[in-house]
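Subject: Structure handover

Hello,

Here is the structure for your files. My notes on it come after.

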Amino acid sequence: DANFSLVANEKADGSVSGQYTDRFANGDGFHAQVDCLSVSGNNAWVGGVVTHGTFGTTDLAGVRVLTRVQDNGTSANDPPDKISFSFLGTAVPCTAQPNVVLGDAPEGQVKVS
């Protein structure tokens, strides 16, 4: 809705680390530590645990979160990259690669490699 930042890295030993921030249009949002990454082609599913954030009066700390991104290239001729909403409180691990709806991210750049 407002601002989104995501970095997820998988090391040679299979461990995953990264940061995930989502700022909602209403001013709320969260920061999470990434601990799950699953890649298939140009799609990546990322999950983690919220370290701090709020939605209204609800404290989101400790809540699991999941999102999906799609890298459609960097050329002006390529379709826009895509991203899903942040799914809070889901028990589905990112490794399950759930088929969540994606929306265009016309002002952002997704890089899946």
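This is a predicted model: local features need pLDDT of at least 70, side-chain atom pairs count only at pLDDT 80 or more; totals for chains, interfaces and linings use all residues.

Residues are numbered from 1 along each chain as its sequence is written, and side-chain values use heavy atoms, with hydrogens and water left out.

Core. The largest nonpolar core has 15 residues. Such a core is a set of buried Ala, Val, Leu, Ile, Met, Phe, Trp, Tyr and Cys residues joined through side-chain atoms within 4.5 Å; buried means under 20% relative accessible area, exposed over 50%, and partly exposed in between, with a 1.4 Å probe and protein chains only. Y20, F30, A32, V50 and V65 have the most contacts inside this core. Two or more of its residues come from each of β2 (16-23), β3 (29-40), β4 (43-55) and β6 (64-70), with β3 giving the largest share, four residues. Strands are DSSP runs of E, at least two residues, numbered from the N terminus. Leaving aside residues up to four places away in sequence, A32 touches G18, Q19, Y20, V49, V50, T51 and V65, where contact means heavy atoms within 4.5 Å.

Disulfide. There is one (a pair of cysteine sulfur atoms within 2.5 Å) in the structure. It joins C36 to C94, S to S 1.9 Å. C36 lies in strand β3 and C94 in the loop between β8 (87-88) and β9, 58 residues apart. The torsion about the S-S bond of C36 and C94 is about -95°, so the disulfide is left-handed. C36 is buried at 11% relative accessible area, and C94 is buried at 2%.

Arginine. R68 sits in strand β6 and is buried, at 9% relative accessibility.

Pocket. The largest pocket is lined by 36 residues, and F4, L6, V69, I83 and V110 lie nearest its centre. A pocket here is an open set of points on a 1 Å grid over the protein atoms alone, where a 1.4 Å probe fits, with protein on both sides within 12 Å along at least five of seven lines; lining residues have an atom within 4 Å of a point. The largest share of the lining, eight residues, comes from β1.

Regards
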